[in-house]
Amino acid sequence: MPFRHVGILYSAAALLAWPAVAQSDGFLTRDQLETHMRESVFCYYPSPRFSCAWAELYTEFNDDHTVLQSASATWDEPMSVLEFRIEWDGDALCIDHETQGLLSAREAEGYRFPFSLSGLNSRPDAELPGLVETFREGSTPDACFRYTYDPLVEGQLLQHVFYGGVEQADRDPIALIPLFAGGVSINPG
């Protein structure tokens with residue numbers, strides 16, 4: 001099943017390669033980022049009709065990690081909701097490149113993420129190793145992500161991607177959808 005591995009960081013070791021970048025002015029601190037994570041779903045590439053290319057919901061907050069549910073869809077396929085354990089390293093989030101942090105996989109007919117896993121069909125655990133391998137093949141071990149406020153759109157964030165400590169030119173826009181909204185449409189890509 002096609003899936004876009006999104007908005008998460010890849011190697012804790014990679015963070016050692018970019019301390020100067022990590023300390024740049026304007027990046028959100030862990031406390032700032034967690035505040036948004038506790039209050040909102042991250043809607044990536046929001047459309048004017050309030051649908052998302054993919055959405056991320058953070059459900060668990062611990063000293064060393066958080067748990068992320070990521071919903072995405074591809075036309076003619078069920079919506080996919082994957083759950084990941086993501087490690088904190090200072091103000092950055094990291095996922096082990098080898099395991100990709102994948103905890104579970106679910107799918108649902110339709111393209112609305114209800115901010116809950118209840119009612120979604122679990123995919124067999126036997127499929128998880130194949131998904132991990134697919135994600136590993138499509139990822140860079142030294143990829144890191146940081147966030148800033150979008151200077152052009154009030155209340156919106158931008159995701160910054162780093163490879164080997166070098167910031168990439170593209171930014172992923174993120175609308176913050178309040179949790180009380182109860183769900184968001186996913187725009188199949």
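A disulfide is a pair of cysteine sulfur atoms within 2.5 Å. The model discussed here is a predicted one.

**The disulfide**

How many disulfides does this rule give? The count comes to one. The bond links Cys43 with Cys52, and the two sulfurs lie 2.0 Å apart. Now look along that bond. The S-S torsion of Cys43 and Cys52 is about -115°, so this disulfide is left-handed.

Are the two cysteines buried or exposed? Residues count as buried under 20% relative accessible area. Cys43 has 1%, so Cys43 is buried. Cys52 has 0%, so Cys52 is buried too. Glu34 also counts as buried, because its relative accessibility is 9%.

| Residue | Relative accessible area | Class |
|---|---|---|
| Cys43 | 1% | buried |
| Cys52 | 0% | buried |
| Glu34 | 9% | buried |

**Glu34, Phe61 and Trp88**

Glu34 sits in helix 3, which covers residues 30-39. Which residues does Glu34 touch, once those up to four places away in sequence are set aside? They are Phe61 and Trp88. With Trp88 there is a polar contact: the side chains of Glu34 and Trp88 are joined at 3.5 Å.

Phe61 belongs to strand 3, residues 54-61. Neighbours within four places in sequence are again left out here. Phe61 is then in contact with Glu34, Met37, Arg38 and Thr66. How far apart are Phe61 and Trp88? In sequence they are separated by 27 residues. In space, their C-alpha atoms are 9.9 Å apart.

**Helix 4**

Helix 4 runs over residues 128-137. Its buried residues are Leu128, Leu131, Val132, Phe135 and Arg136. Viewed down the axis of helix 4, these buried residues fall within an arc of 135°, so they line one face of the helix. An α-helix has 3.6 residues a turn, so residues three or four places apart point the same way.

What lies on the other side of helix 4? Pro129 and Glu137 are exposed there. The buried residues of helix 4 are covered by parts of the chain that include strand 5 (79-89) and strand 7 (102-108).

Note on methods. Residues are numbered from 1 along each chain as its sequence is written. This is a predicted model: local features need pLDDT of at least 70, side-chain atom pairs count only at pLDDT 80 or more; totals for chains, interfaces and linings use all residues. Side-chain values use heavy atoms; hydrogens and water are left out. Buried means under 20% relative accessible area, exposed over 50%, partly exposed in between (1.4 Å probe, protein chains only). Helices (H or I, at least four residues) and strands (E, at least two) are DSSP runs, numbered from the N terminus. The arc is that of the directions from the helix axis to the C-beta atoms. Contact means heavy atoms within 4.5 Å. A polar contact is a pair of N or O atoms within 3.5 Å; within protein, one must be able to donate a hydrogen and the other to accept it, and residues adjacent in sequence count only if both atoms are side-chain atoms.
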